[in-house]
Amino acid sequence: MQDATRNKLTAVQRIEVSLDRLKDGKKKKKVLQNDIEHISKTLDETTQEAFNSAVESIINAQHIYIMGIRSSGSLALFMGYYFKLMLRNVDIVHTGSRSELYEQLMRMGENDLLIGISFPRYSKQTVNALTYAQAKGADSIAITDSIDSPIAANAKNVLVAKSDMV
């Protein structure tokens, strides 16, 4: 299925597509093969330069903000947990409302970094946060499924991680 078409599907439609793919009883093999294909695509689409640039941004940041909404929230929590074990300057951005989002990001400055994580159906709050980071002169990393993702537009670094509903 084309990426553009897949991104416009409702959650129910995406589940139906997933169920259709897994009908013949070879679920484990299909799911794992799908993961292998996505990892291979991720390796092909993320350059070493992009990865190194993201690492430099993390190392050089005075303060790191990590954000993911809905299904990407667990990824943000996972990343934040391990970053906090290694670094003292990490906050996981929790959002309940627009004003709460900006309250957590209002001190962001030029020496800071926002890591935004979003996959289809992309979070408008994550897009807005990356736009805000850009306006504040902060560094940014987008972790998403495509260079054409809406969160990639305002990020200084983009790390592509291929995925789909299955």
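**Figure 1. In strand β5, L159 is the bridge partner of I143.** The model shown is predicted: local features are given where pLDDT is at least 70, side-chain atom pairs count only at pLDDT 80 or more, and totals for chains, interfaces and linings use all residues. Residues are numbered from 1 along each chain as its sequence is written, and side-chain values use heavy atoms, with hydrogens and water left out. Helices (H or I, at least four residues) and strands (E, at least two) are DSSP runs, numbered from the N terminus. Strand β4, residues 139-144, is joined to β5 by four bridges, and the two run parallel. Another residue opposite β5 is I141, which faces N157. Along β5, N157 and L159 point one way, while V158 and V160 point the other way. All four are buried, where buried means under 20% relative accessible area, exposed over 50%, and partly exposed in between, for a 1.4 Å probe and protein chains only.

**Figure 2. Five strands make up an open, parallel sheet.** Strands of a sheet pair through backbone hydrogen bonds, either parallel or antiparallel. Here two strands count as paired if DSSP finds at least two bridges between them. The strand order is β2-β1-β3-β4-β5. Because β2 (90-93) and β5 (157-160) are at the edges and have a single partner strand each, one side of each is left without a neighbour in the sheet. From one strand to the next the twist averages 15 degrees. Axes are lines fitted to C-alpha atoms, for helices over the stretch in contact, and angles run from 0 to 180 degrees between N-to-C directions.

Figure 3. Along the sequence the pattern is α-α-α-α-β-α-β-α-β-α-β-β. Of the 166 residues in the chain, 40% are buried. Contact means heavy atoms within 4.5 Å. Among the contacts in the chain with a separation of 6 or more, 67% are between residues 24 or more positions apart. Strand β4 has four bridges to β5.

**Figure 4. The largest pocket has a volume of about 510 Å³.** Rolling a probe the size of a water molecule over the atoms shows where empty space is left. On a 1 Å grid over the protein atoms alone, a cavity is a set of points where a 1.4 Å probe fits but cannot get out, whereas a pocket is an open set with protein on both sides within 12 Å along at least five of seven lines; lining residues have an atom within 4 Å of a point. Grid points are joined across faces, edges and corners, and a volume is the space filled by probe spheres set on the points. The largest pocket is lined by 22 residues, with F51, M79, I143, L159 and A161 nearest its centre. Two or more lining residues come from each of α3 (27-45), α4, α5 (73-86), β3, β4 and β5. The lining has 18 nonpolar residues, four polar and no charged. In this count Ala, Val, Leu, Ile, Met, Phe, Trp, Tyr, Cys and Pro are nonpolar, Asp, Glu, Lys and Arg are charged, and the others, Gly among them, are polar.

**Figure 5. The loop between β1 and α5 holds R70 and S72.** Phi of R70 is near 55 degrees, a positive value in a residue other than glycine. R70 counts as exposed because its relative accessibility is 56%. S72, with a relative accessible area of 2%, is buried. Leaving out residues up to four places away in sequence, S72 touches I117, S118 and F119.

**Figure 6. P120 and R121 are joined by a cis peptide bond.** Its omega is about -5 degrees. R121 lies in the loop between β3 and α7. Most residues other than glycine have a negative phi, and most peptide bonds are trans.

**Figure 7. Q62 lies in the loop between α4 and β1, and E110 in the loop between α6 (98-105) and β3.** Q62 is exposed at 55% relative accessibility, and E110 is exposed at 64%. Not counting residues up to four places away in sequence, Q62 touches N89, N111 and D112. Q62 and N89 are 27 residues apart in sequence and 6.9 Å apart in space, C-alpha to C-alpha. With the sequence limit of up to four places again applied, E110 touches K136, G137 and A138. E110 and Q134 are 24 residues apart in sequence, with 9.1 Å between them in space, C-alpha to C-alpha.
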